[in-house]
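Take a look at the protein chain below. We will walk through it step by step.

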Amino acid sequence: MTNDLTDARDRLISPRELHQVAALLNMPRLHENATRDDDGAPYKNHQAALYAGIAEWARLSARAAEQLGASEQPETTDEFAYLIEYTDRHSKGWYPAPSEQSHGMTLADRAETVAQTVLTRYIAHLADHRDDYELWLVDSLSLRASVWHVNTAEAYPRGLGPDRPSSPYAFSDAAIPPHAVEIRTPTQIHRVMDHRIPPWPDTLLWEAEPEPQVGLSQSYPASIEHRRN
């Protein structure tokens with residue numbers, strides 16, 4: 001690591017990218033942190049304030065990780081099933097979201113961790129492929145991630161039929177209560193997408209154009225019916 005101020009200046013990244021870094025660090029209330037420097041004077045620009053806030057949060061997170069210690073980390077993981085669904089002002093309920101990334105099985109220590117992780121990853125997928133979902137990404141879009149602990153869900157009374165294998169769709173169809181649910185509102189979704197860094201190799205900074213205010217394709221609801229088969 002270098003202490004050369006000139007080198008650090010050459011390596012500065014944009015406020016848009018700093019917001020993405022803060023999101024990856026799970027940093028709360030970024031806009032409320034580090035508005036003044038060590039001498040009590042306000043920072044002269046938004047970029048400097050963002051860097052200072054992230055640095056302070058990183059120091060605090062490092063202390064928390066040090067105190068946690070390796071001995072307190074979970075030694076085992078369990079299998080979880082997750083399903084991401086959507087709704088909007090044109091829908092009457094929740095429906096499976098498009099893409100293979102909207103459902104699956106994974107290993108983790110807690111259902112809440114799975115819900116937060118898969119929903120954040122799915123929104124990032126939408127941001128990186130927004131042209132593929134242009135007609136679906138309406139302004140009123142909300143997303144919900146439901147997560148089931150597989151062993152617990154399989155033992156649920158009057159749960160799955162004897163011939164149906166475990167899957168997030170099977171648990172949902174059987175009305176087995178999920179063990180964690182995470183929801184993102186339209187405002188939260190578009191805030192993340194508007195600050196999403198374009199995927200490599202496209203490193204140019206760009207301003208997101210307003211999303212067209214259109215409804216869902218009439219053929220889309222029919223296209224997802226195959227998932228129950």
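What percentage of the 229 residues of the protein chain count as buried? The answer is 32%. Keep in mind that this is a predicted model.

Start with the elements. The protein chain has eight helices and five strands. Read from the N terminus, they run α-α-α-β-β-β-α-β-α-α-β-α-α.

Next comes the interior. In soluble globular proteins, nonpolar side chains tend to be buried together. Here the largest nonpolar core has 26 residues. Ile84, Leu126, Trp136, Leu143 and Val147 touch the most other members. Strand 1 (78–87), helix 4, strand 4 (142–149) and helix 7 each supply at least two of its residues. Helix 4 gives the most, with nine residues.

Two packed helices are described by the angle between their axes and the distance between the axes. For helix 4 (residues 111–128) and helix 7 (residues 186–194), the angle is about 55° and the axes are 9 Å apart. Helix 4 and helix 7 are therefore oblique to each other. Their crossing is right-handed. Which residues make the contact? Helix 4 brings Ile123, Leu126 and Ala127. Helix 7 brings Ile189, Val192 and Met193. By class, this contact of helix 4 with helix 7 has six nonpolar residues, no polar ones and no charged ones. Leu126 links the two parts of this story: it is one of the residues that touch the most other members of the largest nonpolar core, and it also belongs to the contact with helix 7.

Finally, turn to the backbone in two loops. Most residues other than glycine have a negative phi. Two residues here have a positive value instead. Ser99 has a phi near 95°. Find Ser99 in the loop between strand 2 (95–96) and strand 3 (103–108). Ala175 has a phi near 60°. Ala175 lies in the loop between helix 6 (168–173) and strand 5 (180–184).

Is Ala175 buried or exposed? Its relative accessible area is 57%, so Ala175 is exposed. Ser99 has a relative accessible area of 21%, so Ser99 is partly exposed.

How values were computed
Residues are numbered from 1 along each chain as its sequence is written. This is a predicted model: local features need pLDDT of at least 70, side-chain atom pairs count only at pLDDT 80 or more; totals for chains, interfaces and linings use all residues. Side-chain values use heavy atoms; hydrogens and water are left out. Axes are lines fitted to C-alpha atoms, for helices over the stretch in contact, and angles run from 0 to 180 degrees between N-to-C directions. Helices (H or I, at least four residues) and strands (E, at least two) are DSSP runs, numbered from the N terminus. Angles under 35 degrees count as roughly parallel, over 145 as roughly antiparallel, 65 to 115 as roughly perpendicular and the rest as oblique. A crossing is left-handed if the near helix is turned anticlockwise from the far one by less than a right angle, and right-handed if clockwise. Contact means heavy atoms within 4.5 Å. Ala, Val, Leu, Ile, Met, Phe, Trp, Tyr, Cys and Pro count as nonpolar, Asp, Glu, Lys and Arg as charged, and the others, Gly among them, as polar. A nonpolar core is a set of buried Ala, Val, Leu, Ile, Met, Phe, Trp, Tyr and Cys residues joined through side-chain atoms within 4.5 Å. Buried means under 20% relative accessible area, exposed over 50%, partly exposed in between (1.4 Å probe, protein chains only).
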